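Here is a short note for a colleague who is new to this structure. Please look it over, then read the points in order.

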Amino acid sequence: MNYYDKEPTVRPQAEHHVKMSNRRNLEITGVKEVDSFDNEEFLLQTVMGYLIVRGENLQMKNLDVDEGVVSIKGKIFELSYLDEHHGEKAKGFFSKLFK
C-alpha cells in the first residue's frame, strides 16, 4: 500500500468539561495548553476556545498534559471564553504581552 493511499487518521475531539465545587475548586478537561497564569488569572487554550479563569489566590493544583486536565484552587470570581468575533481580550498582566 502506498503512503498516499492511506486515509488520514481522524482523532475524535476531546471532551471539554468544567466542574466547580464551592467556588474554591475547579477541574477543567479538554485543555490543550496553559498559556499563562498567576494568582489572579489563568489563560487556558481548550478544545472549545480560550478560557479565562479569574479569581483570588489561584493556584494550579494539578496539571495532566497527556489527558488535558487542569485543576485550580482558590476563590473563583469569573469564567469566560474569549470570542474572536466580539474582540474581547484578557485583562491581566500576561494579556499585555499578547497585544
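1. **Confidence.** pLDDT is the predictor's confidence in each residue, from 0 to 100. For the protein, the mean pLDDT is 83, and 71% of its residues reach 70 or more. Where pLDDT is low, the predicted coordinates should not be read in detail.

2. **Ground rules.** Residues are numbered from 1 along each chain as its sequence is written, and side-chain values use heavy atoms, with hydrogens and water left out. As this is a predicted model, local features need pLDDT of at least 70 and side-chain atom pairs count only at pLDDT 80 or more, while totals for chains, interfaces and linings use all residues.

3. **Layout.** The protein has six strands and zero helices. From the N terminus on, its elements run β-β-β-β-β-β. Strands (E, at least two residues) and helices (H or I, at least four) are DSSP runs, numbered from the N terminus. Take contacts in the protein with a separation of 6 or more: residues 24 or more positions apart account for 44% of them. Contact means heavy atoms within 4.5 Å.

4. **Burial and surface.** Of the 99 residues, 30% count as buried. Buried means under 20% relative accessible area, exposed over 50%, and partly exposed in between (1.4 Å probe, protein chains only). The protein exposes about 7600 Å², and carbon and sulfur atoms supply 48% of that. These areas come from the Shrake-Rupley method with a 1.4 Å probe; for residues, only the protein chains shown count as cover.

5. **Core.** The largest nonpolar core has eleven residues: Leu26, Ile28, Val31, Phe42, Leu44, Leu51, Val53, Leu58, Val70, Ile72 and Ile76. Strands E2 (25-29), E4 (41-46), E5 (49-64) and E6 each give two or more residues to this core. Such a core is a set of buried Ala, Val, Leu, Ile, Met, Phe, Trp, Tyr and Cys residues joined through side-chain atoms within 4.5 Å. Not counting residues up to four places away in sequence, Phe42 touches Leu51, Val53, Leu58 and Ile72, among others.

6. **Salt bridges.** The structure holds two salt bridges. Each needs a side-chain nitrogen of Lys or Arg within 4 Å of a carboxyl oxygen of Asp or Glu. Arg54 pairs with Glu41, the closest N and O atoms being 3.0 Å apart. That pair links strand E5 to strand E4, 13 residues apart. Arg54 also meets Glu78, at 3.1 Å from N to O. Here Arg54 in E5 is joined to Glu78 in strand E6, 24 residues apart. Arg54 and Glu41 are both buried. Glu78 counts as partly exposed because its relative accessibility is 32%.

7. **Nonpolar patch.** Val18, Met20, Met48, Leu79 and Tyr81 make a nonpolar surface patch of about 440 Å². Patches are made of residues with over 30% relative accessible area and no salt bridge: like charges are joined within 9 Å, nonpolar side chains (Val, Leu, Ile, Met, Phe, Trp, Tyr) within 5 Å. Strand E1 (18-21) and strand E6 (69-81) each supply at least two of the patch residues. Leu79 lies in E6, and is partly exposed at 33% relative accessible area.

8. **A buried loop residue.** Gly68 sits in the loop between E5 and E6. Gly68 counts as buried because its relative accessibility is 6%. Leaving aside neighbours within four places in sequence, Gly68 is in contact with Ile28, Thr29, Gly30 and Val31.
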